[in-house]
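Colleague: Could you take me through one part of this model in some detail? I would like to hear about the aromatic rings and their surroundings.

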Amino acid sequence: MNIVVVGAGIAGCSCAWELSRHGHSVLLLDKARKAGGRMATKVMQGARLDHGAQFFSARDERFIALVKAWRDAGRAVPWFLYEADDSEDLPVERLRGVEGMNPLPRELISSLPISTNFYVDRIEFDGSWNIFSGDDTLESIEADHLVLTLPVPQILNLFERSNFRLNHQVWADLSKVVYTRCIALLGTLAEVSSLSPPGFLAFPHPCLDWLCDNFHKGISAQSACTVHSSDEFARRNWDSPDLEVLALLRPLVEDLLSTRIVEWSLHRWRFAKPTVTFGASFWHDSERKLTLAGDGFGGGSVERAALSGLQAADRVRSSL
Ligand SMILES: Cc1cc2nc3c(=O)[nH]c(=O)nc-3n(C[C@H](O)[C@H](O)[C@H](O)COP(=O)(O)OP(=O)(O)OC[C@H]3O[C@@H](n4cnc5c(N)ncnc54)[C@H](O)[C@@H]3O)c2cc1C
């Protein structure tokens with residue numbers, strides 16, 4: 001059985017990993033230069049910065065086992081304990097990648113075939129799948145089974161481009177999935193910031209959801225900040241030129257960190273975290289050999305996206 005998984009974020013990587021270790025032949029496709037999706041890490045002027053997901057927790061036994069493998073391999077370590085103000089539950093351990101978040105999903109697929117820079121433009125089903133990239137110089141790819149792990153609006157766009165029809169109710173449920181947006185500002189800092197370890201502030205200002213010094217976080221030898229805007233800020237300033245967005249964020253951040261931003265870049269996350277999900281961890285069509293997964297199904301976190309990928313893999317296996 002030849003299975004193609006489109007999207008090499010944590011959902012696609014965990015799905016491909018699970019299928020492959022049960023003996024299936026899997027190929028991953030991703031439009032980006034490298035795997036990892038929203039578990040993204042960037043190197044900037046010698047500093048290392050996580051610019052998507054910042055940490056993860058592990059509550060489910062299955063994800064705990066996967067995290068243990070990362071920890072045993074020296075890839076992941078605890079970062080801090082989180083205690084909700086209004087909760088009587090025990091504090092939750094939050095972990096980070098030793099060299100940032102991106103190596104973690106990539107570790108899962110280190111021995112699997114992947115075509116990066118492969119934008120899936122169109123799909124066709126005639127008993128098996130044909131997958132076409134937007135690039136005429138790349139050959140189409142055949143698959144017996146197709147797994148899509150893109151953010152849900154991108155799945156729907158792909159279906160529309162492909163003229164692929166779904167049951168009316170399923171389409172309606174997929175159309176209800178909603179994501180927040182986020183503008184991330186990444187900056188190297190003139191000096192180590194005034195934050196103390198573990199090195200972050202959550203919701204320090206109405207425009208900011210997150211502010212972190214990657215030096216205190218322990219992933220960068222140099223001080224460098226990751227700033228995540230609120231959804232409201234991102235929507236208001238989405239189409240503004242970068243310099244205008246910087247002019248709004250810079251004074252807030254420099255004040256909170258007590259130092260200057262030197263080099264900077266902005267990244268716009270159009271689909272940051274789902275606030276409304278599909279309502280099931282994955283969707284599967286045995287007849288048309290199609291499975292949909294990702295955080296728009298499982299829920300907006302690294303753990304839930306990974307579980308969505310693993311459960312989708314179980315369903316594919318049981319249908320073969
Ligand atoms: C700013 C931000 C902060 C976050 N913070 C946290 C956090 O601290 N903790 C936490 O647990 N979660 C956090 N999250 C959420 C978490 O990152 C996601 O829930 C999770 O990583 C989603 O994984 P995924 O595999 O479902 O999707 P993705 O990681 O988005 O993977 C989808 C992949 O599909 C690819 N793709 C899309 N379209 C195509 C196409 N047409 N052809 C080929 N490939 C395509 C993309 O390149 C991408 O690699 C954060 C997210 C953001 C954006």
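To start us off, which residue lies over the face of F132, and at what distance from the ring centre?

Modeller: Happy to, and please keep in mind that this is a predicted model. The residue over the face of F132 is R122, at 4.2 Å from the ring centre. A charge over a ring turns up at W17 as well: the charged end of R21 sits there, 4.8 Å from the centre of the ring.

Strand β8 covers 120-125, and strand β9 spans residues 129-133. Together with β10 they make an open, antiparallel sheet of 3 strands, ordered β8-β9-β10. Since β8 and β10 (141-143) are at the edges and have a single partner strand each, one side of each is left without a neighbour in the sheet. From one strand to the next, the twist averages 25°. Between β9 and β10 there are 3 bridges, and N130 stands opposite E142 of β10.

The structure holds 16 aromatic pairs. In one of them, F63 and W70, the centres are 6.1 Å apart and the planes meet at 85°, so this pair is edge-to-face. Both F63 and W70 are buried. A stacked example is F200 with W210, at 4.7 Å centre to centre and with 10° between the planes. Because F200 belongs to strand β14 (residues 200-205) and W210 to strand β15 (residues 208-213), their pairing ties together parts 10 residues apart in sequence. F200 counts as partly exposed, at 23% relative accessibility, while W210, at 7%, counts as buried.

Beyond its neighbours within four places in sequence, F63 is in contact with several residues, including F56, W70, V302, A306 and L307.

Note on methods. Residues numbered from 1 in each chain as written. Predicted model: local features only at pLDDT ≥ 70, side-chain atom pairs only at ≥ 80, totals over all residues. Heavy atoms only, no water. Phe/Tyr/Trp six-rings, centres within 6.5 Å; stacked < 30°, edge-to-face > 60°. Buried < 20%, exposed > 50% of the residue type's maximum accessible area, 1.4 Å probe, protein only. Helix = DSSP H or I, 4+ residues; strand = E, 2+ residues; numbered from the N terminus. Lys NZ or Arg CZ within 6 Å of the ring centre and 35° of its normal. Contact = heavy atoms within 4.5 Å. Pairing = 2+ DSSP bridges. Axes fitted to C-alpha atoms, helices over the stretch in contact; angles between N-to-C directions.
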